[in-house]
Amino acid sequence: MTQALPHSIRDRFPLLDRAVYTNSCSQGALSNEVRAAYERYLTDWDEKGAPWDLWVELNEAARSRFARLLNASTDEIAVTTSVSAGVSSLLSGLGHRDSRNKIVISDFEFPTIGQIVHAQELLGTKVEHVPASPDVTIPLDRLAESIDTETALVAITHVCFRNGSKTDVEAVIDLAHEAGAHVLLDSFQAVGAVPIDVRSLDVDFVAGGTLKYLLGSAGLAFLYCRADLLPQITPTQTGWFADEDIFKMDIHDYSPSNTASKFESGTPPVPSIYAGVAGMDLMDEIGIAETERHVATLTEQLIEGLDRVGARMVTPRDPERRGPMIAVSTSDERAMVAALAEDRILTTPRDGNIRLSWHCYNSAEDVEAVVAGLERHSRFLAR
Ligand SMILES: Cc1ncc(COP(=O)(O)O)c(C=O)c1O
């Protein structure tokens, strides 16, 4: 990109002409490229009927995009319809080993992880929660106490969807590995906004999707599983796209793939793949590291503005412990979201806070508009 962010790319997102968009933690703004991808899906449907070979090709295109994004190999990536689908399949195959029968989860998890992990209790798994500290981080010493020789898995979220707190992922992975436990990292609130390298992290499993900072739409997600762990895991939650050879149409035995495809299920989410691949290609062109740097400047500017108008931020102040989303405490989150929406500033409520999330297309003017909006509606701020 010759011009700096965000001006080099803002015209690709028509919504930005009509609103200040701070909802990327919920869904990224629609780009011209993703709209064109959906149109291509309809044209292909109309012109080609049921192009199954193309669909399988597209599923592989999504897999290779996810692999490149994470610095993984394609064999380590399952293309799924949601984080729920991939993680459910993973946990169905992790087994309930007598010696390690416990899952430790942070209190910052999304309900996807909470629900699936607690469902394992029906099969005899023990689940232990690690609560947050008053500084809105998951304390490493509490995690260290919980992770023991019985622990099979530690589930952590990269950036918390409720408050924007960013986990010290490297430190948790070290703790878990020292105790012989695996780590499942939910990166949905980070992928596309924060560079992720599974090799340098040495993480075991990572899940995420295209809906937010990867600029795609709902219905396309991934599960990464480190290559050396694949032979140890045989999911019982499965589907025909998990078969070692889907073209065999085999109905006589269960013969899952020896790659991470074993975590896949049924017919791929074809329309979402068109959109997701276009979104990932766009983020590839824009650059995730550049986006992270740009967003760090915007969030610093926002924090200065919040201090100026007396708004209380819930997200940790330490730049290492926050990502692209800053949560601000309110006295009535729905009223604040509605008041800002009247001013064409789009935010989302969560847990008494409003969430302000920033992406490659947001500008310094957007930040100033949000700060001015918060000041205008300061009756809804918690002091
Ligand atoms: C951290 C996190 N995990 C998971 C999800 C969604 O999971 P699923 O794909 O199962 O709907 C979200 C948001 O939608 C999220 O913010």
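In this predicted model, strand β9 (residues 325-329) and strand β12 (residues 353-357) pair in the antiparallel sense, and five bridges connect them. Within β12, the residue that stands opposite V328 is I354. The two strands belong to an open sheet of three strands whose order is β9-β12-β11 and whose pairing is antiparallel. Because β9 and β11 (348-350) each have a single partner strand, they stand at the edges, and one side of each is left without a neighbour in the sheet. From one strand to the next, the twist averages 35°. Helix α9 packs on this sheet, where it touches β9 and β12, and the direction of the helix makes about 10° with that of β9.

**Helix α9 and its partner α11**

Helix α9 (residues 288-309) also meets helix α11 (residues 364-376), the axes of the two coming within 9 Å and crossing at roughly 20°. That angle makes α9 roughly parallel to α11, since angles under 35 degrees count as roughly parallel. The crossing of α9 and α11 is right-handed. On the side of α9 the contact is made by L298, Q301, L302, G305, L306, R308 and V309, and on the side of α11 by A364, V367, E368, V370, V371, L374 and E375. By class, the residues of this contact of α9 with α11 comprise nine nonpolar, two polar and three charged.

**The seven-stranded sheet**

A further open sheet is formed by seven strands, arranged in the order β2-β8-β7-β6-β5-β3-β4 with mixed pairing. Its edges are taken by β2 (77-80) and β4, and because each has a single partner strand, one side of each is left without a neighbour in the sheet. On average, and with direction ignored, neighbouring strands of this sheet are turned by 15° against each other. Helix α3 packs on the sheet and touches β2, β3, β5, β6, β7 and β8 (221-225), while its direction makes about 160° with that of β7.

Strand β6 pairs with β5 in the parallel sense over five bridges, and in this pairing A155 stands opposite L184 of β6. With strand β7 (residues 205-209), β6 likewise runs parallel, here joined by three bridges, and the bridge partner of L185 in β7 is V206. How many of the residues of β6 are buried? Five of its five residues are buried, so that the strand is mostly covered. H182, L184 and D186 point one way from β6, whereas V183 and L185 point the other way, and all of them are buried.

**Helices α3 and α4**

The buried residues of helix α4 (residues 111-119) are T112, I113, G114, I116 and V117. These buried residues pack against α3 (83-94) and against the strands β3 (102-106), β4 (126-130), β5 (151-157) and β6 (182-186). The axes of α3 and α4 come within 10 Å and cross at roughly 25°, and the two helices are therefore roughly parallel to each other. Their crossing is right-handed. In this contact V83, S84, V87, S88 and L91 of α3 meet T112, I113, I116 and V117 of α4. The contact of α3 with α4 has six nonpolar, three polar and no charged residues.

Two packed helices are described by the angle between their axes and the distance between the axes, and the table sets out these values for the two pairs.

| Helix pair | Axes come within | Crossing angle |
|---|---|---|
| α9 and α11 | 9 Å | roughly 20° |
| α3 and α4 | 10 Å | roughly 25° |

**Two individual residues**

Leaving aside neighbours within four places in sequence, W52 is in contact with W240, F241 and T267. From C-alpha to C-alpha, W52 and T267 are 10.0 Å apart in space, although 215 residues apart in sequence.

A335 is found in helix α10 (residues 333-342). Because its relative accessibility is 19%, A335 counts as buried, the cut-off for that class being under 20% relative accessible area. The C-alpha atoms of A335 and C160 are separated by 23 Å, the two residues lying 175 residues apart along the chain.

Key. Residues numbered from 1 in each chain as written. Predicted model: local features only at pLDDT ≥ 70, side-chain atom pairs only at ≥ 80, totals over all residues. Heavy atoms only, no water. Buried < 20%, exposed > 50% of the residue type's maximum accessible area, 1.4 Å probe, protein only. Helix = DSSP H or I, 4+ residues; strand = E, 2+ residues; numbered from the N terminus. Contact = heavy atoms within 4.5 Å. Axes fitted to C-alpha atoms, helices over the stretch in contact; angles between N-to-C directions. Parallel < 35°, antiparallel > 145°, perpendicular 65-115°, else oblique. Left-handed = near helix turned anticlockwise from the far one by under 90°. Nonpolar A, V, L, I, M, F, W, Y, C, P; charged D, E, K, R; others polar. Pairing = 2+ DSSP bridges.
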